[in-house]
Amino acid sequence: MTVAEQPDLFAAESQALVRARQAFASEAAGADHRGVLGELIAHYERLMRETRRLIGRSDRAERDMQQMNRGLQQLALQLQHRATHDPLTGVLNRGALIEYAGGVLRGEPAVLLVLDIDHFKGINDDFGHPAGDAVICAVVDCLKALVPAPAAIGRVGGEEFSIVWPALAPGQAAGVAQRLCDAVRALRHAGPVDRVVTASIGAGWFARGTAFEAAYGRADAALYQAKREGRDCVRLDAG
């Protein structure tokens, strides 16, 4: 609402002033009455000016406060995001992933996958840490494209990631894990990285009520089996 469209809070007072001025200008008013009436008009006009000024200041203060509150809300959201997300990749950090996965498993069954980029130390050693970071980001972008909400990806270590995927049947764990493994292998990375990057994945389907620590331990054991058996492959929780 523009200033011109705002209702006049002093419409009645303004009308009273008009009538007072008319009475003051009338020759019928006695000198004493006109003096008192003139003084009343002057004080009343000053009171209205001051009141309008105070209301204007109050409106400006309210607008400033609203703007400050919006800024604080935005800052709070930014701080919350930083507290729960990995700064390099933008996926959940370890603590947030554990919290989310634990909440999912308390309410419904879910597939839990643990993925590790194979021979990542060699990438850092041969091409440098910036190139290694670029490989991590490329792998995560690949995972994001294949993992729909409400599934969530979290970075639980340097080159290790975990994915909690609710609403999947027990028989789907192997299929989704294999698709992720194949997609990572198919990536072509920017220079100076001149080799195929692969990943090993451990996966399992876990019933509602399974503790996250137990589910993660079993999926992690499957991951290490994949590493022992040649990497670039998927192994399922045997439990």
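This is a predicted model: local features need pLDDT of at least 70, side-chain atom pairs count only at pLDDT 80 or more; totals for chains, interfaces and linings use all residues.
Residues are numbered from 1 along each chain as its sequence is written, and side-chain values rest on heavy atoms, with hydrogens and water left out.

The secondary structure of the chain consists of seven helices and five strands. Helices (H or I, at least four residues) and strands (E, at least two) are DSSP runs, numbered from the N terminus. Read from the N terminus, the elements follow the order α-α-α-β-α-α-β-β-α-β-α-β. Of the 239 residues of the chain, 36% count as buried; here, buried means under 20% relative accessible area, exposed over 50%, and partly exposed in between, with a 1.4 Å probe and protein chains only. The chain exposes about 14,000 Å², of which carbon and sulfur atoms supply 56%; accessible areas come from the Shrake-Rupley method with a 1.4 Å probe, and for residues only the protein chains shown count as cover. Among contacts (heavy atoms within 4.5 Å) between residues at least 6 apart in sequence, 69% join residues at least 24 apart.

The five strands form an open sheet in the order S2-S3-S1-S4-S5, with mixed pairing. Strands S2 (152-155) and S5 (234-236) stand at the edges with a single partner strand each, so one side of each is left without a neighbour in the sheet. Neighbouring strands are turned by 20° against each other on average, direction ignored. Axes are lines fitted to C-alpha atoms, for helices over the stretch in contact, and angles between N-to-C directions run from 0 to 180 degrees. In general, strands of a sheet pair through backbone hydrogen bonds, either parallel or antiparallel. Strand S1 (residues 110-117) and strand S4 (residues 199-206) run antiparallel and are joined by eight bridges; two strands pair if DSSP finds at least two bridges between them. Leu113 has Ala203 in S4 as its bridge partner. Helix H6 (residues 173-186) packs on the sheet, where it touches S1, S3 (160-166), S4 and S5, and its direction makes about 165° with that of S4. Helix H7 (residues 212-228) also packs on the sheet, touching S1, S3, S4 and S5, at about 145° to the direction of S4.

Within strand S3 lies Ser162, which counts as buried because its relative accessibility is 0%. A polar atom of the Ser162 side chain lies 3.1 Å from the backbone oxygen of Leu113. Not counting residues up to four places away in sequence, Ser162 touches residues including Leu97, Leu113, Ile153 and Tyr216.

Most residues other than glycine have a negative phi, and most peptide bonds are trans. A cis peptide bond, with omega about 10°, joins Ala149 and Pro150; Pro150 is found in the loop between helix H5 (129-146) and S2. A cis peptide bond also joins Gly191 and Pro192, with omega about 10°, and Pro192 lies in the loop between H6 and S4. His119, in the loop between S1 and helix H4 (120-127), has a positive phi near 50° and counts as exposed at 55% relative accessibility. Asp232, in the loop between H7 and S5, has a positive phi near 50° and counts as partly exposed at 26% relative accessibility.

Notes
A polar contact is a pair of N or O atoms within 3.5 Å; within protein, one must be able to donate a hydrogen and the other to accept it, and residues adjacent in sequence count only if both atoms are side-chain atoms.
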